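Here's a protein model to walk through together. Have a look at it first, and then we'll go through it piece by piece.

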Amino acid sequence: MLTIAIVCGAGITTSSLIAEQVRDHIASRGRTAHVIQATVMDLLSPDFTADLVVSTVDLPDALGIPRVSGMPLLLGTSPQVTYDDIDRQLDLLPPRDEA
């Protein structure tokens, strides 16, 4: 199953809000994914794995995980921009078992 990490600098409430929006979007597309909340420090851990990161903070290119800006979801300005970016990134990933 795909893993999408939500990373925000504003705290757990912000990432919870964005995580719920991402879960709803993924479900509306008929896909499944494990959506988790993570910190920047989590991402830098050698044990951390995710297929995609949705973040409201700048992250290093060396992360090696595709990233999407979550700011449009947080601000409510253009959420479709983030949803479209998520869809594009997920379409680039190799197929995974949906179980």
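## Starting in the sheet

Leu2 stands opposite Ala33 in S2. Strands and helices here are DSSP runs, with at least two residues (E) for a strand and at least four (H or I) for a helix, numbered from the N terminus. Before going on, note that this is a predicted model, where local features need pLDDT of at least 70, side-chain atom pairs count only at pLDDT 80 or more, and totals for chains, interfaces and linings use all residues. Residues are numbered from 1 along each chain as its sequence is written, and side-chain values use heavy atoms, with hydrogens and water left out.

Back to the strands. S1 and S2 run parallel and pair over six bridges; two strands pair if DSSP finds at least two bridges between them. S1 also pairs with S3, again in the parallel sense, over four bridges. In that pairing, Ala5 has Val53 of S3 as its bridge partner, and Val7 sits opposite Ser55 in S3.

Zoom out and you get an open sheet of four strands in the order S2-S1-S3-S4, with parallel pairing. S2 and strand S4 (67-69) are at the edges with a single partner strand each, so one side of each has no neighbour in the sheet. On average, neighbouring strands of this sheet are turned by 25° against each other, direction ignored. Angles like this are taken between the N-to-C directions of axes, which are lines fitted to C-alpha atoms (for helices over the stretch in contact), and they run from 0 to 180 degrees.

"Buried" means under 20% relative accessible area, "exposed" means over 50%, and "partly exposed" is in between, using a 1.4 Å probe and protein chains only. In a regular strand, side chains alternate between the two faces of the sheet. In S1, Leu2, Ile4 and Ile6 are buried on one side, and Thr3, Ala5 and Val7 are buried on the other.

## The helix across the strands

Now for H1, which lies across S1, S2 and S3 and runs at about 170° to S2. Helix H1 covers residues 12-28, and at 1.5 Å a residue its 17 residues should span 24 Å; the end C-alpha atoms are 24 Å apart, which agrees. That expected span is 1.5 Å times one less than the number of residues.

Which residues of H1 are buried? They are Thr14, Ser15, Ile18, Ala19, Gln21, Val22, His25 and Ile26. Looking down the axis of H1, these buried residues fall within an arc of 165°, so they line one face of the helix. The arc is that of the directions from the helix axis to the C-beta atoms. On the face turned away from the buried side of H1, you'll find the exposed residues Ile12, Thr13, Ala27 and Ser28.

What covers the buried residues of H1? The cover includes strands S1 (2-7), S2 (33-38) and S3 (52-55), plus helices H3 (71-75) and H4 (79-92). Take Ser15 as an example: it counts as buried at 5% relative accessibility. Leaving aside neighbours within four places in sequence, Ser15 is in contact (heavy atoms within 4.5 Å) with Ile6, Cys8 and Gln37. Just after H1, Gly30 takes a positive phi of about 75°.

## Charged pairs

A search of the whole structure finds four salt bridges. A salt bridge is a side-chain nitrogen of Lys or Arg within 4 Å of a carboxyl oxygen of Asp or Glu. Here are some of them:

| Pair | N to O distance |
|---|---|
| Arg23 and Glu20 | 3.7 Å |
| Arg31 and Asp91 | 3.5 Å |
| Arg88 and Asp85 | 2.5 Å |

Arg23 and Glu20 both belong to helix H1, three residues apart, about one turn of the helix. Arg23 is partly exposed at 33%, and Glu20 is partly exposed at 41%. Arg88 and Asp85 are likewise three residues apart, about one turn, in helix H4. An α-helix has 3.6 residues a turn, so residues three or four places apart point the same way.

The salt bridge between Arg31 and Asp91 links distant parts of the chain: Arg31 is in the loop between H1 and S2, and Asp91 is in helix H4, 60 residues apart. Arg31 is partly exposed at 26% relative accessibility, while Asp91 is exposed at 60%.
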